[in-house]
Amino acid sequence: MSGILSYSFGPAFGLVSLATVSAYTAFTVVVSQRRVDIRRAMNRAENAASAKAVDSLINFETVKYFGNEAHEARRYNASLAAYETAAVHTATSLAQLNFGQSAIFSVGLTAIMFLSANGVAAGALTVGDVVMINGLLFQLSVPLNFLGTVYREVKQSVIDMEAMFALTAQRPRVVSPPSAPPLVVSQGRIEFRNVTFGYGDGRRVLDDVSFTVEPGTSVALVGPSGCGKSTALRLLFRFYDVQGGAISIDGSDLRSVDLASLRRAVGVVPQDTVLFNDSLRYNVQYGRVDVRPAPPAHPPSPPRPPPPRAPH
């Protein structure tokens, strides 16, 4: 369009249109980039408010034990106030962006109309030329507004999905080896052989522990809280990998078999009773969701009619 205006009406018209597009683009990019930090602050405040709400609801018993409902409400209200401030700041910055874009285009339109009016006054342009110039510039505003909106929305959406991108970038430490064979359980012999393990703080929970659970026997791990009883169960399910030694079932090292087949082969009764908000059958059946109740062996007999009442 700048080339058409320059060729038809002179270089000044082309320079004005080109300057309008350049200023519009530069302003949109710069202000949208500044809004990145504002949008991130709003997302952090929203996540903090949601985390406090969920945390207080999950631990409602503890909150009620100590009568801290008002305290939790104040914490949540403070988080909402921070989110409100960030949201208002985000909306204000968006209004400033839209105002600046409209102002730049209005200045460009005013300048090119001023040049057109001078051309008409000098007799170099006709009224039809003015209408043509005005129409071309207005046609330019539609794709400019569209591209500015798309750029802003894409930029904002990427910021909103940063948490999801960070989550998907995490790689699990415990995975099945490539082409790992499924676990084959023939007898069910479990062996802990010189197992050493510690959590992230560096403190060892299990240090060179060895024991064997023979098929058909029961083994109890007895000790005070924190000695590693629950940790041994987590290692058996490969929630974590041992840092030393090995755990095997029927001679197969758990690190060399398919993880899903391992967890299908081992049953567990958790220490903490957790129930889904569903029927009793669903909770009992959760370990094998594909199992269906067997039909009754004999159909139920029809109910007997009540005996007749004696006349008064």
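## Close-up views of a predicted model

**View A. Pairing of strands E3 and E4.** In this predicted model, strand E4, which spans residues 252–253, pairs with E3 in the antiparallel sense over two bridges. Within this pairing, Ser-248 has Asp-253 of E4 as its bridge partner. Two residues lie between the strands in the hairpin of E3 and E4, where Asp-250 takes a positive phi near 55°.

**View B. Strand E3 and its pairing with E1.** Because five of the six residues of E3 are buried, this strand is largely enclosed by the rest of the structure. E1 and E3 run antiparallel and are joined by five bridges, and the bridge partner of Phe-192 in E3 is Ile-247.

**View C. The largest nonpolar core.** This core has 20 residues, and those with the most contacts inside it are Phe-192, Val-195, Leu-235, Leu-236, Ile-247, Ile-249 and Leu-262. At least two residues of the core come from each of strand E1 (190–198), strand E2 (204–213), helix H7 (229–236), strand E3 (244–249) and helix H8 (259–265), with E1 giving the most, namely four residues.

**View D. The surroundings of Phe-192.** When neighbours within four places in sequence are left aside, Phe-192 is in contact with Val-209, Ser-210, Phe-211, Ala-232, Leu-236, Ala-246 and Ile-247; of these, Ile-247 is also the bridge partner of Phe-192 in E3.

Methods. Residues are numbered from 1 along each chain as its sequence is written. This is a predicted model: local features need pLDDT of at least 70, side-chain atom pairs count only at pLDDT 80 or more; totals for chains, interfaces and linings use all residues. Side-chain values use heavy atoms; hydrogens and water are left out. A nonpolar core is a set of buried Ala, Val, Leu, Ile, Met, Phe, Trp, Tyr and Cys residues joined through side-chain atoms within 4.5 Å. Buried means under 20% relative accessible area, exposed over 50%, partly exposed in between (1.4 Å probe, protein chains only). Contact means heavy atoms within 4.5 Å. Two strands pair if DSSP finds at least two bridges between them.
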